[in-house]
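Me: I have a new structure to look at. Can you walk me through it?

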Amino acid sequence: MSSELLVDLSEEVPTPQLEQLKLATVEDQQWPPDESPLSKSETDVSQQFDAASPHLPWDHPFYDIARHQIIEVAGDDNFGRKVIVFNACRMPPQHQLDHHKLLMYLKGTLDQYVESDYTLIYFHYGLTSENKPSLSWLRDAYREFDRKYKKNIKALYIVHPTMFIKTLLILFKPIISFKFGRKINYVSYLSELENVVKCDQLVIPACVKEYDNKLRASLKPTAQPPMSPPASPPLPNQVFGVSLALLRQRSPDGDPVPVVMTDTITFLSEQGLEIEGIFRRSANVTLVKDVQLRYNSGATVNFSEMEDVHLAAVILKTFLRELPEPLLTYQLYNDIVNFTSVPSEDQVTAMKTLIESLPEENRISLRYLITFLAEVSAKSEVNKMTNSNLAVVFGPNLLWGRDNAMSLSAIGPINNFTRTLLDQQHLVFT
């Protein structure tokens, strides 16, 4: 993985240069059209849309963009930052895509996360002369994203970069700021992404995986990049990635609330309620891994000794996201993403019915979490974390689809459900 520094020369890119680059189509000859079968995530959207789908209805203004699943949200990375994914191979030919709408759709996705640290992953493979946008559009798109979008993006990972994309970035040096340039990283192989995010939480298009395999096969044996390490068997005292039911069985007193939740929430209740931006900042990845290892080895973790509020916040979010099944369960997925259809006067009753159907350990843990988050929002004048802001952070960590990815159309309903739960928690949990 490599990063290049792009210097801000504070001048415009000459138009002739942009026009010349449009003629550089040699790379296009190396990018065959994606003929691989659609992934589960794709077929759900573009082939099997129905009223029960979490995706946008056909008459929604962004339906023609959302159905391609060019943009996805895939949980948090190894640093506790939200991950936004852009798939070039899913872009249809230019004449079939409204690029202005695509830009607005991307902004709509980022608008939900720009107040928090986030990571952008761009899968470059599949961008061809038929589907790539114009260079002037790319220039205008970069300018469209003002400081609010660029401030908290901590990294942009370009996966499978070609000479074309590298040349493009060199040409764009004059309009890309030095700070933003430092955030750009080239990722040659999917295995390198494991340093950033767990690849199994990304719905990587089949053609991208096939291309990655071809790149590996073309290398000499001595130059082969390391493969992603195989999943290790669970440790005897493993906590992360283990079901709530099993954790309860292992608990000496049968406590339905996992120890990670009690440890982090107790510490944050004492030390974090008045910290501005709590749950919006990332943490040192080495410390996060160290704390996870200590939990998984059965050791006691004392956050008071570490005195790091953001570390405890990231550990809580990571624990929820790494559950083998979301806290709100797959069974409630369709009910929750369609919850907006429930009349407002019936929502509390409907919400109580849904939550009462959860397994006991899920229901009690959810109540424990939501009660704490209500305490956080009660201090929102200080910490800036209103119910809406907390819903944006925790919604995707409480519920996700079976393929782990979420389109913009699914995020909205999930976040709205979470916000309503926070608003009405005093009635729902009585």
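Here is a quick chat about this model.

Reply: Happy to. It is a predicted model: local features need pLDDT of at least 70, side-chain atom pairs count only at pLDDT 80 or more, and totals for chains, interfaces and linings use all residues. Residues are numbered from 1 along each chain as its sequence is written, and side-chain values use heavy atoms, with hydrogens and water left out.

Me: How many helices and strands are in the protein?

Reply: The protein has 21 helices and 6 strands. Helices (H or I, at least four residues) and strands (E, at least two) are DSSP runs, numbered from the N terminus.

Me: What share of the residues is buried?

Reply: Of the 430 residues, 53% are buried. Buried means under 20% relative accessible area, exposed over 50%, partly exposed in between (1.4 Å probe, protein chains only).

Me: Switching to strands. Why is β4 called largely enclosed?

Reply: Because 6 of the 6 residues of β4 (residues 118-123) are buried, the rest of the structure largely encloses this strand. Both faces are covered. Tyr118, Leu120 and Tyr122 are on one side, and Thr119, Ile121 and Phe123 are on the other.

Me: Which strands pair with β4?

Reply: Strand β3 (residues 82-87) pairs with β4 in the parallel sense over 6 bridges. Strand β5 (residues 153-159) also runs parallel to β4, joined by 6 bridges. Two strands pair if DSSP finds at least two bridges between them.

Me: Which residues sit across from each other?

Reply: Isoleucine 84 stands opposite leucine 120 in β4. Phenylalanine 123 has valine 159 in β5 as its bridge partner.

Me: What unit do β3 and β4 make with α4?

Reply: With helix α4 (residues 99-111), they make a right-handed β-α-β unit. Right-handed means that, with the strands pointing away from the viewer, the path from the first strand over the helix to the second runs clockwise.

Me: On to helix packing. At what angle do α14 and α19 pack?

Reply: Helix α14 (residues 309-321) and helix α19 (residues 387-398) pack at about 35°, with axes 8 Å apart. Axes are lines fitted to C-alpha atoms, for helices over the stretch in contact, and angles run from 0 to 180 degrees between N-to-C directions.

Me: Which residues make that contact?

Reply: From α14, Leu316, Lys317, Leu320 and Arg321; from α19, Val393, Phe394, Pro396, Asn397 and Leu398. Contact means heavy atoms within 4.5 Å. The residues divide into 6 nonpolar, 1 polar and 2 charged. Ala, Val, Leu, Ile, Met, Phe, Trp, Tyr, Cys and Pro count as nonpolar, Asp, Glu, Lys and Arg as charged, and the others, Gly among them, as polar.

Me: Is α19 mostly covered or mostly open?

Reply: Mostly covered: 10 of its 12 residues are buried. Among them are Asn387, Leu390 and Gly395.

Me: Where is tryptophan 137, and what is it in contact with?

Reply: Tryptophan 137 is in helix α5 (residues 135-144). Leaving aside neighbours within four places in sequence, tryptophan 137 is in contact with His99, His100 and Leu103. Its C-alpha atom is 8.1 Å from that of histidine 99, 38 residues apart along the chain.

Me: What is phi of phenylalanine 279?

Reply: Near 80°, a positive value in a residue other than glycine. Phenylalanine 279 lies in the loop between α11 (259-271) and α12 (285-296).
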